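Subject: Structure handover and notes

Hello,

Here is the structure for your own work. My notes on what was found come after it.

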Amino acid sequence: MVKISVIIPIYNAEKYLEQCLDSVLCQTESEIQVICVDDGSTDASGAILKEYAKRDQRLEIVRSANKGGGAARNVGMKSAKGEYIAFLDADDFMDETFLERMYQKCSKENADIAVCGVRFLYQVTGALRNTDVGLRVGNLPDKEVFSYKDMKPFIFNTFHNWAWNKIFRREFIEKHNLQFQEILRTNDLLFTCKALVEAERITTVKEHLITYRIDEEGKSCQNTNDIQLYGFYEAFLALKNCLIEKKIYEDVKKSFVNHALDGCIANLNTIEFTEAHKELFKKLKQDIFAALDITDYKGEYYPYNVESKTVERYEHVISEDYESYLKYRAEELQGLFSGLQHDVYYTDCRARVLMQEIVHLKIALQYLDNDRKWLENDNHAVYESFSYRFGHKMTAVPRWIYRKLRGN
């Protein structure tokens with residue numbers, strides 16, 4: 001019996017692929033199928049996959065033309081046999097208990113979807129940080145199993161549109177004909193968000209069981225924002241049309257608009273300092289904000305985005321020309337840099353204090369080591385002394401009698 005099929009789209013991922021595969025094949029849940037979709041890799045990814053397939057029969061390799069992660073996941077789903085399906089990007093990795101805990105929770109609650117928390121790995125420093133972006137626990141209904149109807153204003157903002165911190169019942173996917181958009185950017189949004197409103201039973205595992213790798217520029221290692229500029233817009237527009245067709249758009253409109261606003265500003269931010277930045281800025285002002293109904297509401301409509309300064313950036317976009325917006329962003333970044341300088345200074349001061357404490361501890365350890373050596377020498381001298389050896393021999397018979405009386 002295959003409990004979970006894990007689908008991994010792979011394109012030129014040789015740098016991190018082994019860590020990814022190890023994390024899946026070493027899961028505490030062993031009844032799994034691992035479908036690796038080689039999406040036209042030109043590096044050593046194919047050779048790595050062949051080597052792993054020799055070692056573990058649970059791993060299957062599927063070849064695909066280079067059409068992007070969405071198309072590769074769709075190809076992988078055709079070969080899936082598991083009761084549930086999980087997805088993983090080739091530069092990310094799982095906690096060893098991820099599949100077991102997610103499957104157990106779904107089985108216990110008879111759930112269509114389970115969602116877990118996420119941690120970020122910053123590749124440059126190696127730092128790990130738990131984040132609530134993939135699972136905002138404060139928005140959850142006060143029950144173990146729920147549907148979008150229990151949290152209409154928050155359904156999309158609570159879980160994000162990542163597919164890889166979730167598992168989905170395969171029959172549920174097939175019943176609702178869920179497919180990934182075959183676009184390069186944001187190809188998981190329609191699949192995941194449609195699943196969230198179709199599911200009758202959603203549950204969560206609140207621990208952070210998936211690690212998402214971020215490179216030296218603060219992006220996913222598979223980031224393609226500059227390749228397909230309007231992919232995110234195409235995804236949000238498709239989701240909006242899907243919700244309208246399902247006749248639930250008005251029910252979840254607040255969540256959709258908040259999620260769309262967050263996505264628009266995030267995509268604008270990630271292409272700063274590129275030639276495409278000005279083009280996207282103008283397109284947001286002229287078409288995208290209105291098409292996604294973002295312009296219909298004021299700041300108080302966006303509680304999460306107000307806290308994250310997304311609304312502030314949005315208001316600068318719609319009210320200013322491009323040059324003024326760049327000036328605003330430069331001042332904002334300067335403020336962030338000043339704060340970072342303060343943090344670095346504080347960290348440096350704290351590091352100096354810690355270094356002094358380390359020196360003091362080393363001195364104390366040296367004293368303790370000297371005392372230990374003195375005691376060892378003193379102890380050795382006692383055992384080697386004439387008095388001790390003579391006394392030990394003289395008391396040998398009484399000690400033997402004593403042990404016999406004690407029954408030893």
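This is a predicted model: local features need pLDDT of at least 70, side-chain atom pairs count only at pLDDT 80 or more; totals for chains, interfaces and linings use all residues.

Residues are numbered from 1 along each chain as its sequence is written, and side-chain values use heavy atoms, with hydrogens and water left out.

Overall make-up

The protein has 15 helices and nine strands. Both are DSSP runs numbered from the N terminus: H or I over at least four residues for helices, E over at least two for strands. Of its 408 residues, 47% count as buried. Buried means under 20% relative accessible area, exposed means over 50%, and partly exposed is in between (1.4 Å probe, protein chains only). Among contacts (heavy atoms within 4.5 Å) with a separation of 6 or more, 79% are between residues 24 or more positions apart.

Nonpolar cores

A nonpolar core here is a set of buried Ala, Val, Leu, Ile, Met, Phe, Trp, Tyr and Cys residues joined through side-chain atoms within 4.5 Å. The largest one has 67 residues, and those touching the most other members are Phe 87, Phe 159, Leu 243, Phe 256, Phe 289, Leu 292 and Ile 294. Helix α9 (residues 249-270) gives the most to this core, with nine residues. A second, separate core has 41 residues, including Phe 98, Phe 120, Val 205 and Leu 209.

Leaving out residues up to four places away in sequence, Phe 256 touches Phe 156, Phe 236, Leu 239, Lys 240, Leu 243, Tyr 249 and Leu 292.

Helix packing

Axes are lines fitted to C-alpha atoms, for helices over the stretch in contact, and angles run from 0 to 180 degrees between N-to-C directions. Angles under 35 degrees count as roughly parallel, over 145 as roughly antiparallel, 65 to 115 as roughly perpendicular and the rest as oblique.

The axes of α8 and α9 cross at roughly 180 degrees and come within 11 Å. That makes the two helices, α8 and α9, roughly antiparallel. On the α8 side the contacts involve Phe 232, Phe 236, Leu 239, Lys 240, Leu 243 and Ile 244; on the α9 side they involve Tyr 249, Val 252, Phe 256, His 259, Ala 260, Gly 263, Cys 264 and Asn 267.

For α10 and helix α12 (residues 310-319) the angle is about 90 degrees and the axes are 9 Å apart, so this pair is roughly perpendicular. Here Phe 281, Lys 285 and Phe 289 of α10 meet Tyr 314, Val 317, Ile 318 and Ser 319 of α12.

Salt bridges

The whole structure contains 20 salt bridges, each defined as a side-chain nitrogen of Lys or Arg within 4 Å of a carboxyl oxygen of Asp or Glu.

- Asp 89 and Arg 73 meet at 2.9 Å, N to O. Asp 89 is in the loop between β4 (84-87) and β5 (93-94) and Arg 73 is in helix α3 (residues 69-78), so the pair ties together parts 16 residues apart in sequence. Asp 89 is buried at 8% relative accessibility, and Arg 73 is buried at 6%.
- Lys 240 and Asp 293 have their closest N and O atoms 3.3 Å apart. Lys 240 is in helix α8 (residues 231-245) and Asp 293 is in the loop between α10 (276-291) and α11 (303-307), 53 residues apart. Both Lys 240 and Asp 293 are buried.
- Asp 150 and Lys 143 meet at 3.1 Å, N to O. Asp 150 is partly exposed at 37% relative accessible area, as is Lys 143 at 44%.
- Glu 272, Lys 309, Glu 312, Arg 313, Arg 329 and Glu 332 are linked in a network of salt bridges.

Backbone details

Strands β6 (residues 113-122) and β7 (residues 127-131) run antiparallel and are joined by five bridges; two strands pair if DSSP finds at least two bridges between them. Tyr 122 stands opposite Ala 127 in β7. The two strands, β6 and β7, form a hairpin with four residues between them, and Gly 126 in the turn has a positive phi of about 80 degrees.

Most residues other than glycine have a negative phi. Asn 110 is not a glycine, yet has a positive phi of about 55 degrees. Asn 110 lies in the loop between α4 (98-109) and β6 and is partly exposed at 45% relative accessible area. Asn 177 also has a positive phi, near 50 degrees. Asn 177 sits in the loop between α6 (170-175) and α7 (189-198) and is exposed at 57%.

Regards
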